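Have the model open while you read.

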Amino acid sequence: MTETNKLSRLSHVYKQITPPSNNRQSVLRFDDHKDLVMIDESWIYFKHNDGKVYRMDEVEIEELPQCGHKSHIEKIMFLAALARPRPELGFDGKICMVPVVEMRPARRSSANRPKGTIEMRNASMNEEVYHNLFTKGIPELGIKAVFDQIEEKMWWMKGKVLKIQQDNATPHTALNSVKDLEAAGSDDTSVPIEDRWTIKFVNQSPNSPDLNICDLGFFWSFKSRLRKKIAWSKDYQEMVRVVLEVFNAYPAETLDGIWGCLYNNYRSVLESDGGNQYKIAHNNGRKRARETGSSVDLELSRDLYNKVRRALRL
């Protein structure tokens, strides 16, 4: 990792610290991120390349899972949007998982359907597709736009500024992409402040999957649960249905634990001067969850805060 990227990561985490009220404050706190949504995409494979299949003589199998090569395994990209669970408001932290697909006619006939049959296929992720996921959703599948689902599930953010953190992939940061999305997700200034939705996109630092809860732990945990639900499939619509079913059943306690790991990483990034070669910290998150209702530890020592300010020459 370059020194520039280390400073960028250090600056990103420093911005998450609530400024101290005075010079004698020995313990500082990170922002609680109750106004933040984190998003990212990941491929979901129809069949997993690892593991074994055991065939039993007394069990009849209609069709064995098979594929010519692992590179030919079908897959669907999903965009996930997650926030901190708010049990006091009845919110489990899960906003949505949206498949990056499109409905289009088949180009040629096959044994499964005639030419021209409308079928689900992967959409090539670009600025337009990314924008439409937030503003239009997928009406053919009954999936609402990401902005609509945020407004529905995080209703208390009306009249405040809601931040959405994304990575630096080209569709996310293309020319005017962020400005267009912020304009599409925010209400006009003619709307009263108390009823106005205001969206602000934040790009995370390069080389920082450890600072986004989607990459940090959610996708791995989610795919593990998905494998227990369905071993393999050949049908796009069935796969989308099962993915959304597993997502809806994903426990808020597990998601809260991943948020706890994120704050551990914040402290580790500060201690390692912005690097990512640190040992994953453990700080009795499960015990804290039993005692306080959340795994998250927001505290930060003053010495570490001063060290970071010196590194950033503030």
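## Starting inside the sheet

Glu-41 sits opposite Leu-79 in E3. This is a predicted model, by the way. The two strands to look at here are E2, covering residues 36–45, and E3, covering residues 75–83; they pair antiparallel over 9 bridges. As background, strands in a sheet pair through backbone hydrogen bonds, in either a parallel or an antiparallel way.

## The whole sheet

Zoom out and you'll find an open sheet of 5 strands, running in the order E4-E3-E2-E7-E8 with mixed pairing. E4 (94–99) and E8 (198–203) are the edge strands: each has a single partner strand, so one side of each lacks a neighbour in the sheet. On average, neighbouring strands are turned by 25° against each other, ignoring direction.

H8 packs on this sheet, where it touches E2, E3 and E4. The direction of H8 makes about 110° with that of E2.

## Where H8 meets H10

H8 (residues 252–271) also packs with H10 (residues 302–311), at an angle of about 55° and with the axes 9 Å apart. That angle makes H8 oblique to H10. As for handedness, the H8 and H10 crossing is left-handed.

So who does the touching? On the H8 side, the contact is made by Arg-267, Leu-270 and Glu-271, and on the H10 side by Leu-304, Lys-307 and Val-308. Sort the residues of this H8–H10 contact by type and you get 3 nonpolar, 3 charged and no polar.

Terms used:
Residues are numbered from 1 along each chain as its sequence is written. This is a predicted model: local features need pLDDT of at least 70, side-chain atom pairs count only at pLDDT 80 or more; totals for chains, interfaces and linings use all residues. Side-chain values use heavy atoms; hydrogens and water are left out. Axes are lines fitted to C-alpha atoms, for helices over the stretch in contact, and angles run from 0 to 180 degrees between N-to-C directions. Helices (H or I, at least four residues) and strands (E, at least two) are DSSP runs, numbered from the N terminus. Angles under 35 degrees count as roughly parallel, over 145 as roughly antiparallel, 65 to 115 as roughly perpendicular and the rest as oblique. A crossing is left-handed if the near helix is turned anticlockwise from the far one by less than a right angle, and right-handed if clockwise. Contact means heavy atoms within 4.5 Å. Ala, Val, Leu, Ile, Met, Phe, Trp, Tyr, Cys and Pro count as nonpolar, Asp, Glu, Lys and Arg as charged, and the others, Gly among them, as polar. Two strands pair if DSSP finds at least two bridges between them.
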